Amino acid sequence: MSKWIPKQARNTIPRPVLMNAVYMGRCSCGSVIRIGDNIYFDKHATRVVRCKQCGLREAQLGADGLVLQQRTGELQRIIDRTKQLKMLPRPLSSSAKDELSQLISTLKTEFIETPEVVKFSMELGRRRFPTADFYISLVDDIACCALCGSNFKGGTKVLFARSIQETVCLGCPLEFEDVY
Ligand SMILES: [Zn+2]
Ligand SMILES: [Zn+2]
C-alpha cells in the first residue's frame, strides 16, 4: 500500500482546518496563540492563522451579511488595539513593536479601502501635519507618494495635501510615530 499522500486536486476549494498551533502567534483579533492551542489554519490558500473563536465564527457565519458584520467588528478591534499601542510610551518593547507593525500591515493590506481605516489614517495625518489640509482624492495622472515614494496609477485613491500640493498613500499616515 502506498504511503504517498495524494496531492490536493486542483479543482477542490481548500478550507481552513482545525489543528494545534506549532508556533506562537497572534490572531488578527488580537488573541495570543500559544503552542498547542486549537487554531484554524488555511494551509493552501491564504496561510492565515485564526484563533479557534474567529475560525469557528468564520466557518459558521457563511452568509455575506454576517461575515461583513464580523469583519467590521474585527476591524474595529484592530484599529482600537493599534491606537492603544501607538499611545504607549516609547521606546516600545520588541513584542509591542512587532504587534503594532503587524496590525498596521493588516490595516494597509486587508482593510485599506474601508471608510474606518481611511478615517483613522486621515486623523493621524492631520495630527502629524495640521497645516497640510489633507483630503481624499483620486490620482488623475502618474504620481508618487511624498512619504514612501510608491508610484500611483491614475485612479488610485490617495490623500492630497492641499497646502503643499503633495500626494500621500492612503495608508502612509498609519506609520507615523508619536501621533494617535
Ligand atoms: Zn481571533
Ligand atoms: Zn506612501
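The legends below describe several close-up views of one predicted model.

Residues are numbered from 1 along each chain as its sequence is written, while chains are lettered from A and ligands numbered from 1 in the order in which they are written. Because the model is predicted, local features need pLDDT of at least 70 and side-chain atom pairs count only at pLDDT 80 or more, whereas totals for chains, interfaces and linings use all residues.

**View 1. The protein as a whole has four helices and ten strands.** Helices (H or I, at least four residues) and strands (E, at least two) are DSSP runs, numbered from the N terminus. Along the sequence the pattern reads β-β-β-β-β-α-α-α-α-β-β-β-β-β. The protein has 180 residues, of which 17% count as buried. A residue is buried if 20 or more other C-beta atoms lie within 10 Å of its own, exposed if 12 or fewer, and partly exposed in between, with C-beta atoms placed from the backbone. Among contacts with a separation of 6 or more, 44% are between residues 24 or more positions apart. Two residues are in contact if their C-beta atoms, placed from the backbone, lie within 7 Å.

**View 2. The largest nonpolar core has eight residues.** Its members are Ile78, Leu103, Leu107, Phe111, Val117, Phe120, Leu124 and Leu174. Helix H3 (94–110) and helix H4 (115–128) are the elements that give two or more residues to this core, and the largest share, three residues, comes from H4. A nonpolar core is a set of buried Ala, Val, Leu, Ile, Met, Phe, Trp, Tyr and Cys residues joined through C-beta atoms within 7 Å. Apart from neighbours within four places in sequence, Leu107 is in contact with Ile78, Thr82, Ile112, Val117, Gly171 and Leu174.

View 3. Buried in H4 are Val117, Phe120, Ser121, Leu124 and Gly125.

**View 4. Ser101 is found in helix H3.** Ser101 counts as partly exposed because it has 13 C-beta neighbours inside 10 Å. From Ser101 to Thr82 the distance is 9.0 Å, C-alpha to C-alpha, and the two are 19 residues apart in sequence.

**View 5. Three strands form an open antiparallel sheet in the order E1-E4-E5.** Two strands pair if DSSP finds at least two bridges between them. Strand E1 (17–20) and strand E5 (49–51) stand at the edges with a single partner strand each, so one side of each has no neighbour in the sheet. Four bridges join E1 to strand E4 (residues 38–41), and Asn20 has Asn38 in E4 as its bridge partner.

**View 6. Strand E9 (residues 157–161) pairs antiparallel with strand E6 (residues 134–138).** Five bridges join E6 to E9, with Lys157 in E9 as the bridge partner of Leu138. E9 also pairs with strand E10 (residues 166–169), antiparallel and over four bridges. The bridge partner of Ala161 in E10 is Glu166. Four residues lie between the strands in the hairpin of E9 and E10, where Gln165 takes a positive phi near 55°.
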